[in-house]
Amino acid sequence: MLFRRIPSAPLALALALVTSPAISASDAELDELRAQVRALRDSYEHRLAELESRLARQAAPAPAPAPAADGRRGFNPEISLTLQGQYRRMKDIDERHLSGFAGASHGDEDGHDHGAGERGFSLDHTELVLAANIDSHYRGLVNFGIADGEVEVEEAWFQSTGLGHGLTLRGGRFLSSIGYLNAQHAHAWDFADAPLMYTALFGEHASYGNDGLQFKWVLPTELFAEMGAEVGRGANFPGTDRDVNGIGSSAVFAHLGGDVGTSHSWRTGLSYLNARSAGRESHFDDVGGEEVEGAFTGRSRMWIADAVWKWAPDGNGGARALTLQAEFFQRREDGDLTCQGEAGSACAVALDSDYRTRQRGWYAQAVYKFHPQWRVGLRHDRLDPGRRDYGANNTNIARDDHAPRRSSVMVDWSPSEFSRLRLQLARDQSMAGETDNQLWLQYVMSLGAHGAHRF
Amino acid sequence: MSRFVLLALLCLGLASPAQAGLKVFATLPEWGALARVIGADSVTVFVATHALQDPHHIEARPSLIARARQADLVVANGADLEVGWLPAVLSAAGNGPIQPGQPGYFEAAAQVALLEVPARVDRADGDVHPAGNPHIGLDPHRLLAVGTALHERMAALDPAQAAVYRANWSAFSARWQLAIARWTERAAPLRGKAIVVHHTAYPYFTRWLGLTRAGALEAKAGVAPGSAHLAALRDALAGQPVLAIVRPPYAPEGPGQWLAGETGIPLLRLPTTVEQSVDEAGLTAWFDELIDRLLAHRR
């Protein structure tokens with residue numbers, strides 16, 4: 001095949017010219033022709049030798065190249081494990097919460113949360129991920145969060161690979177694609193803890209997971225445009241498990257993104273989540289400062305707007321890069337509240353009332369990589385407890401107007417893609433009357449299959 | 001809204017394979033250049049990275065997902081070079097025909113034998129590639145072998161243009177073989193010379209031209225050079241005749257500059273992929289430049 005490519009006509013012609021009796025040719029012309037032929041012959045001999053050596057080279061060490069090049073051969077399924085732990089120094093506050101925001105009250109001390117947990121040394125949950133193509137139609141992934149005495153299935157889904165036309169269907173348990181940070185696991189965060197807004201919206205897990213279906217469509221445009229919808233059980237905060245046949249929660253989202261020049265890229269999104277609760281229990285303070293239990297039944301509807309801008313000189317983020325990121329939410333909750341408390345509290349006699357809240361919040365952060373292994377980050381969080389109307393319970397439940405806020409600064413060191421050590425300082429004023437200066441030393445280590453560099 | 005969706009669906013219909021010419025998504029410029037050589041005006045080629053970017057460390061940016069969404073053929077390097085981002089891009093693109101295992105997914109490294117296949121796969125050794133060193137484009141012979149397989153794949157995917165692809169390829173491969181002969185001859189004085197590399201990106205190149213490797217700035221592949229290792233390297237290089245310290249354009253200059261200052265060995269920027277136009281002229285200029293730069297520092 002390769003030899004066929006060598007044009008043989010000029011060679012033949014040249015040979016014919018010199019071998020035939022060149023009567024009219026002068027000696028000089030003859031010499032020139034001879035020299036040309038010699039050059040041609042040398043050149044072809046050289047190339048032939050080259051081709052032969054190449055053939056020999058390729059023939060000898062060819063241990064079935066195709067399978068050898070498949071790096072995933074040894075990892076079916078791909079397995080990865082993330083180790084996370086920390087030392088944390090903070091005030092001893094009995095019941096941490098966000099002032100003015102109803103949180104999910106766990107009676108149990110399961111300790112499985114992301115960085116909001118204990119003081120001193122602690123192990124965050126260990127994450128085990130198995131993933132593989134199921135067949136030519138589907139890919140599957142399971143993500144276990146392992147902590148003392150429990151294994152939590154954080155994600156377990158299948159996803160279509162072959163629908164085409166930009167369509168993807170995912171089914172099972174997954175982290176919702178609303179917002180920017182929501183679909184990221186804790187080890188991928190740029191700070192040791194989640195923004196206050198995520199804790200306010202989704203409780204201590206600081207992300208919204210659902211059991212259900214997700215449908216995504218990437219539009220056939222040069223500008224990245226994607227829209228999607230999710231429906232599911234809606235068992236997680238701000239909804240509750242209502243044990244019904246229908247849809248517990250639904251979400252829609254749209255993302256746009258692209259590059260500007262070679263050094264900038266961006267993504268922005270708008271999401272909407274609608275969840276239902278039946279008897280969602282939260283702690284409130286009554287007007288006398290006693291703790292009372294409020295059970296909410298109704299609807300939570302929220303909008304989240306997110307934007308990320310990344311800069312890297314010439315698109316090469318190896319040594320220097322900057323990421324700016326901000327998200328904003330607005331949440332409305334409408335329904336009924338049942339307030340109950342112990343004898344002596346304002347709700348000693350259980351009282352039903354309306355419940356209407358309009359709340360908002362945001363965070364903005366910047367992370368700058370100034371060295372191949374070092375990054376610094378700055379983040380500010382702010383929540384607005386907004387309007388809260390508890391109807392007949394307005395006289396029983398305290399409505400504190402403290403606006404939770406927090407400023408954090410972090411520096412992290414990643415000697416390789418697979419390990420990261422982080423120091424973080426925060427001034428946390430998320431609770432009325434408390435200023436908590438916090439310090440973290442955190443490690444995040446990943447073993448096994450190579451993780452994805454998500455945008 | 002409904003009108004917009006209708007319009008979008010219409011676009012979707014139009015974007016189906018009825019359209020002439022392949023849309024190629026190439027991860028590296030050299031593979032984009034090959035696709036352009038084969039397809040000429042009959043194909044649209046998008047190249048996901050450029051010479052100033054480290055192809056290991058790309059993020060699955062929205063712009064890449066949008067391009068992969070519309071591609072008919074992905075030309076990847078493979079051997080885990082793009083493991084950090086290409087699977088994420090492909091999984092988000094919702095484009096079935098370009099998924100690994102489908103005819104619309106082509107892997108260059110699967111077409112040739114690889115060097116430096118590690119005896120053990122352990123991250124303590126750095127960013128190891130279990131299949132072998134992925135930087136195959138720097139060997140023009142392997143590049144030719146990849147192109148031979150690629151033009152066959154393109155012909156199979158787009159039978160209407162198959163004759164054009166074959167003709168373009170055979171014309172190019174004849175020119176390329178001549179160019180290889182020219183380069184081999186020009187680079188003959190480099191045979192046996194030693195170079196120090198920043199990253200192990202050049203084994204195919206050094207093997208082709210008979211250069212030897214006197215050391216690497218990265219003690220472990222993909223791990224930034226440390227000062228202790230650099231100092232040890234300086235001591236080890238003392239008295240050795242070394243032609244140059246070479247670094248890919250995306251690698252930081254600092255460590256190489258330090259070593260160059262300490263040893264007097266010149267630091268060279270040797271592109272690991274096509275740097276100029278993503279076509280035949282770019283491919284040729286790339287190898288011309290590699291050899292010219294090394295020859296200029298021959299002592």
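Me: Two strands pair if DSSP finds at least two bridges between them. In this predicted model, which residue is the bridge partner of A:Arg88 in strand 17 of chain A?

Reply: Strand 1 (78-89) of chain A is joined to strand 17 of chain A by 10 bridges, and the two run antiparallel. In strand 17 of chain A, the partner of A:Arg88 is A:Trp440.

Me: In the hairpin of strand 16 and strand 17 of chain A, which residue takes a positive phi?

Reply: Strand 16 and strand 17 of chain A run antiparallel and are joined by 10 bridges. Within that pairing, A:Leu421 stands opposite A:Tyr443 of strand 17. The hairpin has 6 residues between its strands, and the residue with a positive phi, near 80°, is A:Gly433.

Me: How many residues apart are A:Lys91 and A:Glu434?

Reply: The side chains of A:Lys91 and A:Glu434 meet in a salt bridge, at 3.2 Å from N to O. A:Lys91 is in the loop between strand 1 and strand 2 (120-123) of chain A, while A:Glu434 is in the loop between strand 16 (419-429) and strand 17 (436-448) of chain A. The pair thus links distant parts of the chain, with a separation of 343 residues.

Me: With which side chain does the side chain of A:Arg139 make a polar contact?

Reply: A:Arg139 lies in strand 4 (residues 138-147) of chain A. Leaving aside residues up to four places away in sequence, A:Arg139 touches several residues, including A:Trp157, A:Phe158 and A:Glu78. The polar contact, at 3.1 Å, is with the side chain of A:Glu78.

Me: Which strands stand at the edges of the open sheet in chain B?

Reply: The sheet has 4 strands in the order 2-1-3-4, with parallel pairing. Two of the strands have a single partner strand each, so one side of each is left without a neighbour in the sheet; these are strand 2 (44-47) and strand 4 (105-107) of chain B.

Me: Which residue of strand 4 of chain B does B:Val75 stand opposite?

Reply: Strand 3 (residues 73-76) of chain B pairs with strand 4 of chain B in the parallel sense, over 3 bridges. In strand 4 of chain B, the residue opposite B:Val75 is B:Phe106.

Me: At about what angle to strand 3 of chain B does helix 4 of chain B run?

Reply: Helix 3 of chain B lies across strand 1 (23-26) and strand 2 of chain B, at about 140° to strand 1. Helix 4 of chain B lies across strand 1, strand 3 and strand 4 of chain B, and its angle to strand 3 is about 170°.

Me: About how much area do chain B and chain A bury between them?

Reply: In the contact between the chains, 61 residues of chain B meet 60 residues of chain A. Carbon and sulfur atoms account for 57% of the buried area, which is about 5100 Å².

Me: Which helix of chain B gives the most residues to the side that touches chain A?

Reply: There are 18 residue pairs in polar contact between chain B and chain A, both residues being at pLDDT 80 or more. Among the elements of chain B that give two or more residues to this side are helix 1 (2-14), helix 5 (140-157) and helix 6 (162-186). The greatest contribution, 9 residues, comes from helix 6 of chain B.

Me: With which residue of chain A does B:Arg61 form a salt bridge?

Reply: The structure holds 34 salt bridges over all chains. Across the interface of chain B and chain A there are 3. In the salt bridge of B:Arg61, the closest N and O atoms are 3.0 Å apart, and the partner is A:Asp259.

Technical notes:
Residues numbered from 1 in each chain as written. Chains lettered and ligands numbered in written order. Predicted model: local features only at pLDDT ≥ 70, side-chain atom pairs only at ≥ 80, totals over all residues. Heavy atoms only, no water. Contact = heavy atoms within 4.5 Å. Buried area = accessible area lost by both parts, 1.4 Å probe. Salt bridge = Lys/Arg side-chain N within 4 Å of Asp/Glu carboxyl O. Polar contact = N/O pair within 3.5 Å; in protein donor to acceptor, adjacent residues only side chain to side chain. Axes fitted to C-alpha atoms, helices over the stretch in contact; angles between N-to-C directions.
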